[in-house]
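Here is a short briefing on one protein chain. Keep the sequence and the 3D view at hand while reading.

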Amino acid sequence: LAEMENRLKWIEQSRTSKPILGVSIHDASSELMERFNRQAAYLVDRSGLTGQSHSPVHDGSMWETNGTINSPHDPMPAHVTFDLGSSYELTGIHVWNYNELNLHSVGAREVKISVSPTDDPDDLIPLTTPKGNFEFPQADGTPTYRDFEVALHDATNADAFAHVRLIRFAILTNHGGDESLTGLSEAQFWGQKSGHEEIATP
């Protein structure tokens, strides 16, 4: 019964929420830049997107870690932290996993998500679910790859969503890729200003 009530609450909130604009990167454990161009900033600038489909072209449109192929080494767990720019009531997260052609197996699989009501990472609160961490499905490496919605309704401490400024994805495993690399293509966040102020539409 409690789980059903939680799902109904998320459905109702999603009807009034909108995409959050102006999201930036607070920090990332590493960015694959030596001989490549895979910055964390590409996660929030719609690079690689045509409509809701993400290109399999990696450089200039996806974030990837150094893993163990570039220095400084950054084997998993790896992380990226998003800054919403203000305090929001978070109602949704949409993600495009790492979609590089023939290398999409390095995309995030088991992910620990934490949120903070402030812009201080020391205030991050891990989200808990009955199953443990969140599972991100693998991308398919095609030009028609579309996003998935993170199952926030599974969180058992959903009260943490009332005031969210930072969101961190700590990636614990990938989908079997080599060299301990991992990454993502794009992330979008939905919600309303804490206090239910309106958000401008894109």
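The points below cover the overall fold, the salt bridges and a charged surface patch.

This is a predicted model. The chain has 202 residues, and 46% of them count as buried. Its secondary structure comes to 1 helix and 13 strands.

**Overall build**
- Among contacts between residues at least 6 apart in sequence, 81% join residues at least 24 apart.
- The chain exposes about 9,400 Å², with carbon and sulfur atoms supplying 51% of that area.

**Salt bridges**
- The count comes to 6 salt bridges.
- Asp 59 pairs with Arg 38 at 2.9 Å, N to O. Asp 59 lies in the loop between strands 4 and 5 and Arg 38 in the loop between strands 2 and 3, so the pair ties together parts 21 residues apart in sequence.
- Arg 38 is buried at 4% relative accessibility, while Asp 59 is partly exposed at 33%.
- Asp 83 meets Arg 165 at 2.5 Å, N to O. This pair links strand 6 to strand 12, 82 residues apart. Asp 83 is buried, at 11% relative accessibility.
- Arg 109 and Glu 135 form a salt bridge at 2.9 Å, N to O. Arg 109 sits in the loop between strand 6 and strand 7, and Glu 135 in strand 9.
- Shared partners join Arg 38, Asp 59, Glu 64 and Glu 100 into one network.

**Negative patch**
- Asp 119, Asp 120, Asp 122 and Asp 123 form a negative surface patch.
- Asp 123 lies in the loop between strand 7 and strand 8. Asp 123 is partly exposed, with a relative accessible area of 32%.

Note on methods: Residues numbered from 1 in each chain as written. Predicted model: local features only at pLDDT ≥ 70, side-chain atom pairs only at ≥ 80, totals over all residues. Heavy atoms only, no water. Patch = residues over 30% accessible without salt bridge, like charges linked within 9 Å, V, L, I, M, F, W, Y side chains within 5 Å. Areas by Shrake-Rupley, 256 points an atom, 1.4 Å probe, with all protein chains shown as cover. Salt bridge = Lys/Arg side-chain N within 4 Å of Asp/Glu carboxyl O. Lys, Arg positive; Asp, Glu negative; His and termini not counted. Charge placed at Lys NZ, Arg CZ, Asp CG, Glu CD. Helix = DSSP H or I, 4+ residues; strand = E, 2+ residues; numbered from the N terminus. Buried < 20%, exposed > 50% of the residue type's maximum accessible area, 1.4 Å probe, protein only. Contact = heavy atoms within 4.5 Å.
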